[in-house]
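Here is a short briefing to read alongside your model. Let's walk through it together, topic by topic.

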Amino acid sequence: MVEARALPRRTNPRLWLAGGWLLVILLAAIFAPLVAPHDPLAQDLMLERLPPFWVTGAEPGYWLGTDSLGRDLLSRLIYGGRIAFAVAFAAAIAACLVGSALGLVAGYFGGWADRIVSRIVDIWMAFPPVLFAILLVAVLGTGLSSVIIAIAVIDWTRFCRVVRAEAMSQARMDYVENARIAGFGRLDIMLREVLPNVLPTIIALLSLEMGIAVIVEAILSFVNLSISTDDPTWGGMIAEGRLSIHQAWWVLVFPLIMLILTVLSFSQFGEGLKSRFDPVLR
Amino acid sequence: MILQRTLTRLLTMIATLFGVAVVVFVVIRVAPGDPISMMLPPGASQADIDRLRALYGLDKSLVEQFVIWLTGVVHGDFGTSISLRQNVLGLVLGRLPATLELSIFALLIALAVGLPLAVLGARERGTAVEAGIDVANGVALSIPDFLWGLVLILLFGVLMPVFEISGRVSPQLDLPFTTNFYLFESIVRLRFDLTANLLGHMFMPALALALPLAAIIAQLLKQSLKELLTLDYMVLARVKGFSETQVILREGLKNAALPTLTLVGVQFTFLIGGTVIVERLFSYEGLGNMAIDAVVNRDLPLIQGIVLVFALLFVVINLVVDMAYALLNPRLRHG
């Protein structure tokens, strides 16, 4: 049944464009040592604040210019993609697993399980998310795993709310009743019947969440709380760029463009997947 | 019915706030950093550390600390900030007006942009104009306030420096204000020179916060309007000779307002949550900016106070929206 729904009826240019951009960035990040023209950490004060290639004063080989320590921006962007994608995948998947599991349980079983989960979600929604993230990373100590844990701890509610509502409406449908009459156990029905029907929604949300995770990591780097300051991150580059904005605009512009395109792509990719999976929208 | 509904909501609200208090209390006390050792100069004796620890109540058990703190909060005492050595409630109330003014200004911008776009999109449905509005909405929605803030800094702070991108008001100005609601007070005192200066500082951060919300309003309201326009009485109004715009403004908005209101309420709390990083970005002296400093300084009482005030703000907004919905919705009013 799921296979039949997933059949594409027409190609969606947004889906391909967004997916293409994400793939390019991902490959560049994976093969960073081969692709990056320079060492992202190499400082050269003779080369500080070189402008990008089309501006007079540019140095050949430094396509997007350098920052205030003479580090190559293009190489730093490529290496920064590694952290962005590591956080995006790990945090989004962790949030998705926790949130979907709790949402399924709350939505399908209802009663006390639902009441407890819903109360926790209410409490979570009363926190300003950015402040919560900053607080958690400060508590856990800076580092990649802290950032991932913080994002997952905060954003599981996004999955939980949607999956709970979806599971609730699925649980009332005839096929669930039929399965129960046929003698299947509750857990069995939930995993074999309800979960596959909720899956398209989860996948679309997952893509959206990856975009959100990239932004949260950038915000944490911006307030100097993400991973160690040596490794290049897009948010860290933005923080540097914000300081030297009047001397070297390009230090801010390029990581900003990178973030915007990546976030747009994740959300468009998610939307595209949703309309492809959703039989009503198709 | 409304009374019962309100009572239930009030109890839920208190339970939620209690939950927030517990979570934040537990989370910050798991922190490895010691706020006391950060306050004292290096080489302070153990006796000094212990004395200070006792002063801030940090030598007691977790449960004891929580009960003491909660008793204080109920009596309006949020404790003393460790890094600023001032009353937490005073600090928070001093900064709250700045954040409220910024948030409300942002909400007004979002409405001022979102409403006309929705009406225009509904009137020009099916045309290139509507398609253009849809694309603009999609982009505005996907890019979060943090990135909008950076884009605005580049465009109107550096490329075309027409707006201020740092602070709440020019520091050299002499401020005659007695409250911290600077914008409101400048209007009341007819000091429009100060109003202009404040708005010049506020406009960029407020716009960054407003753009995603404007897109949501435009999208949702346009959708409701388009659905309403196919209904009989709308067709009748058109037959009577009202223009398309008149039909939308007279009949459509009235009926589409209710579902939009609920959504705007929830989204407004997200907007307020966004002030934390946007205030940081624009060095705006509000609650969010102070919150980040408090976390960096491990100022436990101040963090607790700020988080609780944010949570209170969120649940109160939700309550107000819920009650407004009940009052405006005829089905619930007479139910």
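Setting aside its neighbours within four places in sequence, A:Ala133 is in contact with A:Ala150, A:Ile151, A:Ile154, A:Val216 and A:Leu220; two residues are in contact if their C-beta atoms, placed from the backbone, lie within 7 Å. This is a predicted model, in which local features need pLDDT of at least 70 and side-chain atom pairs count only at pLDDT 80 or more, while totals for chains, interfaces and linings use all residues. Residues are numbered from 1 along each chain as its sequence is written, and chains are lettered from A and ligands numbered from 1 in the order in which they are written.

**The nonpolar core**
- A:Ala133 is also among the residues with the most contacts inside the largest nonpolar core, alongside A:Ile134, A:Ile151 and B:Ile306.
- That core has 174 residues, where a nonpolar core is a set of buried Ala, Val, Leu, Ile, Met, Phe, Trp, Tyr and Cys residues joined through C-beta atoms within 7 Å.
- Helix H9 (residues 192–229) of chain B gives the largest share of this core, 21 residues.

**Chain A as a whole**
- Chain A has 11 helices and 0 strands; helices (H or I, at least four residues) and strands (E, at least two) are DSSP runs, numbered from the N terminus.
- Of its 282 residues, 49% count as buried, meaning that 20 or more other C-beta atoms lie within 10 Å of a residue's own C-beta, placed from the backbone.
- The C-alpha atoms of chain A fill a box of roughly 75 × 45 × 30 Å along the principal axes.
- Among chain A contacts between residues at least 6 apart in sequence, 71% join residues at least 24 apart.

**Two packed helices in chain A**
- Helix H2 (residues 13–30) and helix H4 (residues 73–109) of chain A pack at about 105°, with axes 8 Å apart.
- That angle makes H2(A) roughly perpendicular to H4(A), a term for angles of 65 to 115 degrees.
- H2(A) brings A:Ile25, A:Leu26, A:Ala28 and A:Ala29 to the contact, and H4(A) brings A:Ile78, A:Gly81, A:Arg82 and A:Phe85.

**Where chain B meets chain A**
- On chain B, 32 residues are in contact with 29 residues of chain A.
- H7(B) supplies the largest share of the chain B side, 7 residues.
- The chain B side divides into 27 nonpolar, 4 polar and 1 charged; Ala, Val, Leu, Ile, Met, Phe, Trp, Tyr, Cys and Pro count as nonpolar, Asp, Glu, Lys and Arg as charged, and the others, Gly among them, as polar.

Conventions: Buried ≥ 20, exposed ≤ 12 C-beta atoms within 10 Å, placed from the backbone. Axes fitted to C-alpha atoms, helices over the stretch in contact; angles between N-to-C directions. Parallel < 35°, antiparallel > 145°, perpendicular 65-115°, else oblique.
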